Amino acid sequence: MRPVQIWIGGYYHMSGGIRALHVLKDELTARGINAWMTYQLPAVNHPDAITIYPEIVNTNPMDAKRIVRWKLNRAELPDDGLTFAWETGMGDHPLLTVNIVEDFFHPRPNRKTSKVAYWVGKGLFYPEIIPEGSELLSRDNHPDRQELAQYIASLDYLISFDPFTAVNLEAVLSGTPVLVYAPHNTWQKAHVQVHGWMPYGVAWEPSELPKARETVHKARGHYEALKSVFTGRIDAFVDTISTRWP
């Protein structure tokens, strides 16, 4: 199979999209494919390589002849190659999904806490629903990812103003319920729930928090079962690109 180069400017652990691109490279390498991130070999632009661009790139900066566009979120992209989507709701494309949550995101045993944090991310901030004493969770105040996992697992619950973020998934897998509050976001409850990633541990209004607490313990087992779905999507992706560009 042809080599694969994945475009990205660098690595940043708090970005789920950037982690997804790196995980895809690892998955391709594990299947015996010569794959690399373009920032790791900045002087190399293999003329025969298949080039993967995330949806934040709608041009062709590598001047690639064989283009794959991977929609990790909603976006309008040119029809100049193959397009895959992270999930449904991003267009009529085949799906490509990888596991972006490390195993150290897990529940803390016997935790008793009343601590609440809130995450804004790509959402809009609504201060009126923030309980007194809540802490802001941001991309800057927890630079170590394992420490971030411990912090999330120490919360009573997380308020998230961003309904489409890996942070929500990390929280429920840590045993921490999430209250999603995003009344004006383009991603609404029906759009997120149809994916089936987080049927447990998520409240979409404060009155649903008790149920989220009761069900959050089921989130880990549910997600583990999804990993075989991800594997199937990666294998199908490899079959598609190798057939298109033998």
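Student: How many salt bridges does the count come to?
Tutor: The count comes to 14 salt bridges. A salt bridge here is a side-chain nitrogen of Lys or Arg within 4 Å of a carboxyl oxygen of Asp or Glu. This is a predicted model, where local features need pLDDT of at least 70, side-chain atom pairs count only at pLDDT 80 or more, and totals for chains, interfaces and linings use all residues. Residues are numbered from 1 along each chain as its sequence is written, and side-chain values use heavy atoms, with hydrogens and water left out.

Student: Why would such side chains pair at all?
Tutor: Side chains of opposite charge can pair when their charged atoms come close.

Student: OK, which residue does Lys25 form a salt bridge with?
Tutor: Lys25 pairs with Asp26, and their closest N and O atoms are 3.4 Å apart.

Student: Is Lys25 buried or exposed?
Tutor: Lys25 is buried, at 16% relative accessible area. Buried means under 20% relative accessible area, exposed means over 50%, and partly exposed is in between (1.4 Å probe, protein chains only). Asp26 is partly exposed, at 46%.

Student: What about Asp80, which side chain does it meet in a salt bridge?
Tutor: Asp80 meets Arg69, at 2.8 Å from N to O. Asp80 sits in the loop between strand S4 (66-71) and strand S5 (82-85), and Arg69 is in strand S4, so the pair ties together parts that are 11 residues apart in sequence. Helices (H or I, at least four residues) and strands (E, at least two) are DSSP runs, numbered from the N terminus.

Student: And which of those residues is buried?
Tutor: Arg69 is buried, with a relative accessible area of 0%. Asp80 is partly exposed, at 35%.

Student: Where do Arg220 and Glu224 lie?
Tutor: Both are in helix H6 (residues 219-244), four residues apart, about one turn of the helix. Glu224 is partly exposed, at 34% relative accessible area.

Student: Which residues do shared partners join into one network?
Tutor: Arg19, Glu102, Arg145 and Glu170 are joined that way by salt bridges.

Student: New topic. Which residues of strand S6 are buried?
Tutor: In S6 (residues 116-119), Val116 and Tyr118 are buried on one side, and Ala117 and Trp119 are buried on the other. In a regular strand the side chains alternate between the two faces of the sheet.

Student: How many bridges pair S6 with strand S8?
Tutor: Four, in the parallel sense, and S8 covers residues 157-160. Strands pair if DSSP finds at least two bridges between them. Ala117 has Leu158 as its bridge partner in S8, and Trp119 has Ser160.

Student: What about S6 and strand S7, how many bridges there?
Tutor: Three, again parallel, with S7 at residues 135-137. In S7, Leu137 is the bridge partner of Trp119.

Student: Back to S8. Which way do its side chains point?
Tutor: Tyr157 and Ile159 point one way, Leu158 and Ser160 the other, and all are buried.

Student: How does S8 pair with strand S9?
Tutor: They pair in the parallel sense over three bridges, with S9 at residues 178-180. Ser160 stands opposite Val180 in S9.

Student: Which helix goes with S8 and S9 in the β-α-β unit?
Tutor: Helix H3 (residues 166-173), and the unit is right-handed. With the strands pointing away from the viewer, that means the path from the first strand over the helix to the second runs clockwise.
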